[in-house]
Amino acid sequence: LIDEFRTLRELSSQRESEAQKQLEEMKLFRSKMKEVADEARQKDELQKQLHMEYERMTKDVNRTAYTKKIMEIVSNIKKQKQEIDKILIDTKSIQKEINSLSGKLDRTFTVTDELIFRDAKRDESVKKAYRFLAALHENCELVTNTVEETGVILREIRDLEDQIDAEGSKKVLANLEKITEDYQQMRKENTALMAKLKQK
């Protein structure tokens with residue numbers, strides 16, 4: 001029984017390390033996903049800005065050049081969205097695997113618990129093994145809960161960072177629009193002043 005307990009404990013440790021590795025991979029995927037999403041958001045904002053500039057400009061400029069730039073930006077955004085979708089699929093796959101391993105761990109504990117509990121009534125050393133098993137299971141649950149809580153906190157932090165970035169970019173865009181309007185107004189005033197100077 002002690003050998004079986006040790007084997008089960010080693011198996012449990014291996015599964016915990018596999019779950020930890022998969023959690024690290026998930027964190028890496030999420031980080032990449034955030035970077036790609038931020039990049040896509042920036043490209044989207046750049047596309048909107050270029051479109052607004054295009055609408056304001058006189059129509060005698062080379063439209064094909066602007067159209068080509070806009071199409072390149074749209075193409076890049078589509079590629080980034082495909083990458084985000086791929087990362088989401090990978091993340092879901094890892095989550096399923098973690099859930100599967102967690103289920104196996106619980107089932108293994110239940111079987112081991114039943115086997116050792118039956119023999120613990122008769123043998124003192126088996127009672128100790130049973131106590132160790134219970135403590136090990138409790139510690140595993142604590143680790144799992146801590147990892148899950150950490151994931152939730154990290155998601156909340158990412159969401160708050162996204163909100164901060166979005167608010168910051170709104171202010172930048174508003175300032176850019178104001179500066180552009182002021183610039184257009186100055187050009188009109190300069191044109192009017194030049195016309196007056198020519199009349200004198």
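Author: A search of the whole structure finds one cavity of 30 Å³ or more. A cavity here is a set of points, on a 1 Å grid over the protein atoms alone, where a 1.4 Å probe fits but cannot get out; lining residues have an atom within 4 Å of a point. The volume of the largest cavity is about 110 Å³. Volume means the space filled by probe spheres set on the points, with grid points joined across faces, edges and corners.

This is a predicted model: local features need pLDDT of at least 70, side-chain atom pairs count only at pLDDT 80 or more, and totals for chains, interfaces and linings use all residues. Residues are numbered from 1 along each chain as its sequence is written, and side-chain values use heavy atoms, with hydrogens and water left out.

The lining of the largest cavity includes Phe-5, Leu-8, Arg-9, Phe-109, Leu-133 and Cys-140. H1, H2 and H3 each give two or more residues to this lining. Helices are DSSP runs (H or I, at least four residues), numbered from the N terminus. By class, the cavity lining has seven nonpolar, four polar and one charged residues. Nonpolar covers Ala, Val, Leu, Ile, Met, Phe, Trp, Tyr, Cys and Pro; charged covers Asp, Glu, Lys and Arg; the others, Gly among them, are polar.

Now the open space. A pocket is an open set with protein on both sides within 12 Å along at least five of seven lines. The largest pocket holds about 470 Å³ of space. Its lining has 21 residues, and Ala-19, Ile-98, Thr-144, Val-147 and Glu-148 lie nearest the centre. Helices H1 (2-56), H2 (63-120) and H3 (124-199) each supply at least two lining residues. H3 gives the most, with eight. The pocket lining counts 10 nonpolar, six polar and five charged residues.

Ile-98 also belongs to the largest nonpolar core, which has nine residues, among them Leu-23, Phe-29 and Ile-94. Such a core joins buried Ala, Val, Leu, Ile, Met, Phe, Trp, Tyr and Cys residues through side-chain atoms within 4.5 Å. Buried means under 20% relative accessible area (1.4 Å probe, protein chains only). H1 provides the largest share of this core, five residues. A second, separate core of six residues includes Phe-109, Ile-116, Val-126 and Leu-133. Phe-109 and Leu-133 line the largest cavity as well.

Notes. Buried < 20%, exposed > 50% of the residue type's maximum accessible area, 1.4 Å probe, protein only.
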